[in-house]
Amino acid sequence: MKDIVTVDNFLDKEDFFNLREIAYSDSLHWKKQVSDGTLSRFTSFDYSEMIYEDNDWIPITQSKSFISIFNLIKDHIKKNCSVGRIYFNRQKPCVDGCLHTDEGDYTALLYVSDYEKEWGGFTQFFYSESKQEYVLPVPNRLIIFDASTQHKGFGFSHNWNPDRISLAFKIFVDF
């Protein structure tokens, strides 16, 4: 898969509403992470790999709800695959990530937060100095791309904008 696969309205309305409720609730355990150690003051964001379910904190990869979402994603990959990590990313307004590649074979991102076209917040894909692509973070939009593609998430552009939240899946092809 060399192209970015884009699926708008990926989840049905009720499932997406439930996912947003989780993203904005206290049922996630947020931690700080830095995109680039040399720019640590400028590239920190929050992530959560743990969810509070059934009176306990568990990895999101063990949650039946999120495995169900992954199974829907697999339909678009059309290969036997497994998930390595599932986690939420949360970027504060005006805080951008850094260009990077991911572990695994594919990355799937599901945009969760609100979005207005004036806010920015796109994901940049960097192929070369003369070829780049940008995807807008439209709510309930799923994108799937080769994990070795350099990419970067941009925070929303104004300090009064909300946090930019996405759900990430790191995917490995089974051989």
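Which residues is Gln124 in contact with, leaving aside its neighbours within four places in sequence? Select Gln124 and look around: the contacts are Leu99, Gln132, Glu133, Tyr134, Gln150, His151, Lys152 and Phe154, where contact means heavy atoms within 4.5 Å.

Before moving on, a word on what you're looking at. This is a predicted model, where local features need pLDDT of at least 70 and side-chain atom pairs count only at pLDDT 80 or more, while totals for chains, interfaces and linings use all residues. Residues are numbered from 1 along each chain as its sequence is written, and side-chain values use heavy atoms, with hydrogens and water left out.

Stay on Gln124, which sits in strand S8 (residues 123-128). Helices (H or I, at least four residues) and strands (E, at least two) are DSSP runs, numbered from the N terminus. Gln124 is buried, at 9% relative accessible area; buried means under 20%, exposed over 50%, and partly exposed in between (1.4 Å probe, protein chains only).

Next, hop to Asn9, in the loop between strand S1 (5-7) and helix H1 (13-23). Asn9 is exposed, with 62% relative accessibility, and its phi is positive, near 50°. Most residues other than glycine have a negative phi.

Last stop: Asn55, in the loop between strand S4 (50-53) and strand S5 (56-59). Here too you'll find a positive phi, about 65°, in a residue that is not a glycine. Asn55 is exposed, with a relative accessible area of 68%.
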